[in-house]
Amino acid sequence: MPIITYVSHDGTERRVTVDSGVTLMDAAVDNNVPGIDGDCGGECACATCHIHVASDWVDRLPTASEQERSMLEFCEGLDSCSRLGCQIPVDDDLDGITVTTPIAQH
């Protein structure tokens with residue numbers, strides 16, 4: 001099973017073992033990772049699962065959909081590594097990925 005590292009804005013790390021098919025948002029919520037709210041339950045409708053993907057992983061992920069890009073526009077601190085965790089399903093290829101949570105979700 002893949003291991004995901006979530007890093008909070010203050011540098012605190014939490015490693016989580018995740019079943020394939022679970023999204024980065026669901027894995028965070030299920031494991032009480034602070035900084036990821038997932039208010040819409042993964043419907044790509046709120047942007048409260050905004051994460052910053054480690055730059056060396058960005059190109060390994062599926063391209064963000066138009067809907068995801070639209071929702072990301074609501075995020076504070078948006079950058080080229082910003083994604084919505086609800087739109088990234090985990091598989092064995094993501095074993096070892098690191099994502100950072102922003103200071104706050106809006």
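**Figure 1. A buried salt bridge between glutamate 68 and arginine 83.** In this predicted model, glutamate 68 and arginine 83 are both buried, and the two residues form a salt bridge in which the closest N and O atoms are 2.8 Å apart. Because glutamate 68 lies in helix α2 and arginine 83 in strand β4 (residues 82-84), the pair ties together parts that are 15 residues apart in sequence.

Figure 2. Arginine 69 counts as partly exposed, at 38% relative accessibility, whereas glutamate 66, at 54%, counts as exposed.

**Figure 3. The salt bridge of glutamate 13 with arginine 15.** The closest N and O atoms of glutamate 13 and arginine 15 are 3.2 Å apart in this salt bridge. With a relative accessibility of 45%, glutamate 13 counts as partly exposed, while arginine 15 reaches 59% and counts as exposed. The count of salt bridges in the model comes to three.

**Figure 4. The largest nonpolar core and the surroundings of tyrosine 6.** The largest nonpolar core has 27 residues, and those with the most contacts inside it are Tyr6, Leu24, Leu84 and Ile97. Two or more residues of this core come from each of the elements β1 (3-7), α1 (24-30), β3 (50-53) and α2, and α1 gives the most, with four residues. Leaving aside residues up to four places away in sequence, tyrosine 6 touches Thr12, Glu13, Arg14, Val16, Leu24, Ala27, Ala28, Val33, Ile36 and Val99; Glu13, listed here as a contact of tyrosine 6, is also the salt-bridge partner of arginine 15.

**Figure 5. Glutamine 105 and its polar contacts with backbone oxygens.** Glutamine 105 is placed in the segment after β5 (98-100) and is buried, its relative accessible area of 15% falling under the 20% cut-off. Its side chain reaches the backbone oxygen of glycine 35 at 2.8 Å, and a polar atom of the glutamine 105 side chain also lies 2.9 Å from the backbone oxygen of histidine 50. When residues up to four places away in sequence are not counted, glutamine 105 touches Gly35, Ile36, Asp37, Ala47, Thr48, Cys49 and His50.

Definitions and conventions. Residues are numbered from 1 along each chain as its sequence is written. This is a predicted model: local features need pLDDT of at least 70, side-chain atom pairs count only at pLDDT 80 or more; totals for chains, interfaces and linings use all residues. Side-chain values use heavy atoms; hydrogens and water are left out. A salt bridge is a side-chain nitrogen of Lys or Arg within 4 Å of a carboxyl oxygen of Asp or Glu. Buried means under 20% relative accessible area, exposed over 50%, partly exposed in between (1.4 Å probe, protein chains only). A nonpolar core is a set of buried Ala, Val, Leu, Ile, Met, Phe, Trp, Tyr and Cys residues joined through side-chain atoms within 4.5 Å. Contact means heavy atoms within 4.5 Å. A polar contact is a pair of N or O atoms within 3.5 Å; within protein, one must be able to donate a hydrogen and the other to accept it, and residues adjacent in sequence count only if both atoms are side-chain atoms.
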